[in-house]
2 protein chains.
Amino acid sequence: MITDEIKKKIRAIVGPENVLDSDLERFSYSYDSSFLPLLPANKPEIVVRPLTTEEVAKIMAVAYEYEIPVTPRGAASGRTGGSVPLQGGISLSLDRMTRIVELDEKNMMVTAEAGVRTIDLYNHCAARGLFYPPDPASWKFSTIGGNVAENAGGMRAVKYGVTSDYVMGLDVVLADGTVLQTGGKAIKNVTGYDLKSLFTGSEGTLGIITKALLRLIPMPKRRGTLQVMFGSLDDGCATIHQMLQAGIVPAAAEIMDRFCLDTAARHSRIDLNPAAASCLIIEIDGEDDGALATQAKQIEAVAKKCGSIAFRAAGSEEESEELWAIRRGLSSAVAALAPNRLGEDISVPRDAFPEVVRRIRAISEKYGLTIAVYGHAGDGNLHPSVLCDLGNPEEAKRVHQAVDEIFAAALAVGGTLSGEHGIGITKRLYIAQALGEAGMRTLKAVKQALDPKGILNPGKIW
Amino acid sequence: MITDEIKKKIRAIVGPENVLDSDLERFSYSYDSSFLPLLPANKPEIVVRPLTTEEVAKIMAVAYEYEIPVTPRGAASGRTGGSVPLQGGISLSLDRMTRIVELDEKNMMVTAEAGVRTIDLYNHCAARGLFYPPDPASWKFSTIGGNVAENAGGMRAVKYGVTSDYVMGLDVVLADGTVLQTGGKAIKNVTGYDLKSLFTGSEGTLGIITKALLRLIPMPKRRGTLQVMFGSLDDGCATIHQMLQAGIVPAAAEIMDRFCLDTAARHSRIDLNPAAASCLIIEIDGEDDGALATQAKQIEAVAKKCGSIAFRAAGSEEESEELWAIRRGLSSAVAALAPNRLGEDISVPRDAFPEVVRRIRAISEKYGLTIAVYGHAGDGNLHPSVLCDLGNPEEAKRVHQAVDEIFAAALAVGGTLSGEHGIGITKRLYIAQALGEAGMRTLKAVKQALDPKGILNPGKIW
């Protein structure tokens, strides 16, 4: 319970205009982009919008003293409920911390506050020929703080890795308000435990990330897009596999099953090859047109060997856009098909991709549910989407059983619950199964060490 | 104090032949490859050589019960005293755990026990066209467990990163004997905190790493070596910089100052360009000879713009070996010049490389000490070697003051104490200065959470 006295203290830290506590405002901070139902219980008691790390530190000191739950929040674009304030308290919105503090061209690193939008950071660096690769689907509105807290992935992960591969240093406000600066511009650094990796992906449960130092790479000079159709999903998976084994690493490699293809085609009014059972959209990049042409030829040859039935290389920027449009429109096209869509985010060893897709199909048949399958085939991260009507209690039951079995299938083939969305609220029930007792105990020991009062994003992960 | 009763329990776990406790044997486990003096106090009470993770777990359960210090040990090739049993107890040698458990070619991953030599792992994978890049200088005898525990680097780090960039999963025996399996073959994995990164580089203070799952990449098909001479060290540094900024990333880029060049040349009986004040040895790799030739030409052009005075590309495997011989012979050539050599391992932002070298020169003059400078210029990790006679108390004092100032210089330019050797014993005094109070407190909280009795490699890091 945040008393008037505490509110007064908080207003003094950030200014009264940056503390919101009307019922409507609190409601606006009670949900995110996950598939969780709206619940009045998830309203924070107050919303606080600090401008600096120092203000965050002072807020945490107050929260620590009075044991107030604090739920950090970027753009609330998360898919697993990470920024939903399950236990009321403070919704700590970092949306005003939008400074790109420094672009260090010589060391190819950028320092940005937590509230900087991913796309703004990308554009800022791109203007100087530098490339920040992580591109979560939400990158037009997601923020760097959230990306780091969730260790966001994206389509370019197959070649360029995920957010954690770019984090060089972090400013983190700890539970008691201490400011921790960890990491730095030295590329090789083994001084002490790797705290930056510990905080990256910790979903706001170990500290509040207020600033990130991120490494950059030179921007590839040319990009190209390929579209390959296959008579089966397995042929598409095999193509990815053989490409990577041969050392041909595309910048992105997205796969869609027939259901997704049909849906996207209807949505975008595109005609489809009727024999196509799966489709790969591949982005390649390189130093010059020659390098691109070589890669395209190599990929075409591999695809042919794996049984491709159609191959197309975009001849222009517009054609490239047209090919990507299918993939980009997919999520909303699929979502439009049913009252509810439960989009999962399992990640499996690359060679288990076809097997897990087969298992998902069997689950789909067993429960009489439509499950669309698409994802980042290049790195084994797929997004099965269960289309359903959760308003129908009988169907809701089947849906939850199906989701249980999807997670079990991912674990059975050596995979994991989440490739890029995190655990948050939606996967809490499954984490013990994924990590085992020793894993859970270790996680909780770390949590207890860094957040002894349990005020940081309570109710998440477990 | 390990009583006879405890010894009996331990003998029952690993077999009596795998417990060593003669004075001579204990002495053999009292030192490593650091520059620490031999001390009888560093002898372990017993040496235990388990064969399996289960045996390690049972030993730790005993150690936990009786609060016996345990110092894990691979090949004892560490440079900072990590495997020296400062508080007696058990020296836990993992040298019998030498199985390469699985080479999963489809997923391009390898599973190896802690005692596998780095070079054996490399060769095993290379035979199937797969590349495990981390190559610490000690890779002919160092072990994977030690590499992971210290987060070992190497010459290829500039292009391929360090050990932590390849760790996908670990089996770790925790302080109380619990076996933790963390990570796995799913490439994208955000299920829970990143424990594998926490244990990687933790120097045996958080758990005993018994097995590692490591990712591999396709082996580059061609390699080439370049040697470039410059009239100044700054010109060499500038070349590295401009190469990387232009997106030309060599597989290795080593720099040597004039003193190192002279020493190595004398050692290897090679004639030197008298105008050369610094030398870059660069390894390039790629898909074919054409790609190599293009890279070589690009590097030559950048070097010329930066004032190179000689450029040579090896025309054959033998010539390549000859060029690398200078760099490889350097450490022993330098060490032979004086009774003692204190080799440091500072790591600085890339653009601070020339500045920190200038500061080291000033320190060298101030204290009248010879300090050779060489290192991995491509990633800002350098190894200043102080040549000295520690038997001379007056000189020893100057040496320690000089080392203090080298560390201070690294921190002053935004760098850190260690790029690849770890903190161990030798840098304990400096870590608080490097990490600050919040950093130290966070490290200790994590340590306390995972090793509440303080039995894991006590006396290290702080």
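Reply:
**Salt bridges and their surroundings**

E355(A) is partly exposed, having a relative accessible area of 28%. This comes from a predicted model, as does everything below.

The next pair crosses between the chains. D379(A) makes a salt bridge with K188(B), and the closest N and O atoms are 3.8 Å apart. D379(A) sits in the loop between strand 18 (370–376) and strand 19 (381–388) of chain A, whereas K188(B) sits in the loop between strand 9 (179–183) and helix 7 (195–199) of chain B, so the pair joins two chains. D379(A) is buried, at 1% relative accessibility, and K188(B) is buried as well, at 3%. K188(B) has a salt bridge with E420(A) too, where the closest N and O atoms are 2.7 Å apart.

A further pair stays inside chain B. The side chains of D104(B) and K185(B) form a salt bridge with an N to O distance of 2.9 Å. This one links distant parts of the chain: D104(B) is in strand 5 (residues 100–104), K185(B) is in the loop between strand 9 and helix 7, and 81 residues separate them. D104(B) counts as buried, at 10% relative accessibility, and K185(B) does too, at 18%.

On the contact count, 73 residues of chain A touch 73 residues of chain B. The two chains bury about 5,400 Å² between them, and 62% of this is on carbon and sulfur atoms. On the chain A side, K188(A), V190(A) and Y193(A) lose the most area to chain B, together 19% of what that side buries.

C260(B) is in no disulfide, and the nearest cysteine sulfur, belonging to C279(B), is 10 Å away. A disulfide would need the two sulfur atoms within 2.5 Å. C260(B) is buried, with 0% relative accessibility. C125(A) has a relative accessible area of 0% and is buried too.

C125(A) is also one of the contacts of L130(A). L130(A) lies in strand 7 of chain A, residues 130–131, and is buried at 5% relative accessibility. Setting aside neighbours within four places in sequence, L130(A) also touches L103(A), E105(A), M108(A), L216(A), I217(A), P218(A) and M219(A). T98(A) is 32 residues from L130(A) along the chain, and their C-alpha atoms are 20 Å apart.

Two places in chain B complete the picture. S83(B) is in the loop between strand 3 (70–73) and strand 4 (90–93), and is buried at 8% relative accessibility. Beyond its neighbours within four places in sequence, S83(B) is in contact with Y29(B), D32(B), T71(B), P72(B), R73(B), A76(B) and K460(B).

Helix 11 of chain B, residues 317–328, has twelve residues and runs 16 Å from its first C-alpha to its last, close to the 16 Å expected at 1.5 Å a residue. Its buried residues are S320(B), L323(B), W324(B), I326(B) and R327(B). Viewed down the axis of helix 11, these buried residues fall within an arc of 140 degrees, so they line one face of the helix.

How values were computed:
Residues are numbered from 1 along each chain as its sequence is written. Chains are lettered from A and ligands numbered from 1 in the order in which they are written. This is a predicted model: local features need pLDDT of at least 70, side-chain atom pairs count only at pLDDT 80 or more; totals for chains, interfaces and linings use all residues. Side-chain values use heavy atoms; hydrogens and water are left out. Helices (H or I, at least four residues) and strands (E, at least two) are DSSP runs, numbered from the N terminus. The expected span of a helix is 1.5 Å times one less than its number of residues. Buried means under 20% relative accessible area, exposed over 50%, partly exposed in between (1.4 Å probe, protein chains only). The arc is that of the directions from the helix axis to the C-beta atoms. Contact means heavy atoms within 4.5 Å. Buried area is the accessible area (1.4 Å probe) that two parts lose on being put together, summed over both. A salt bridge is a side-chain nitrogen of Lys or Arg within 4 Å of a carboxyl oxygen of Asp or Glu.
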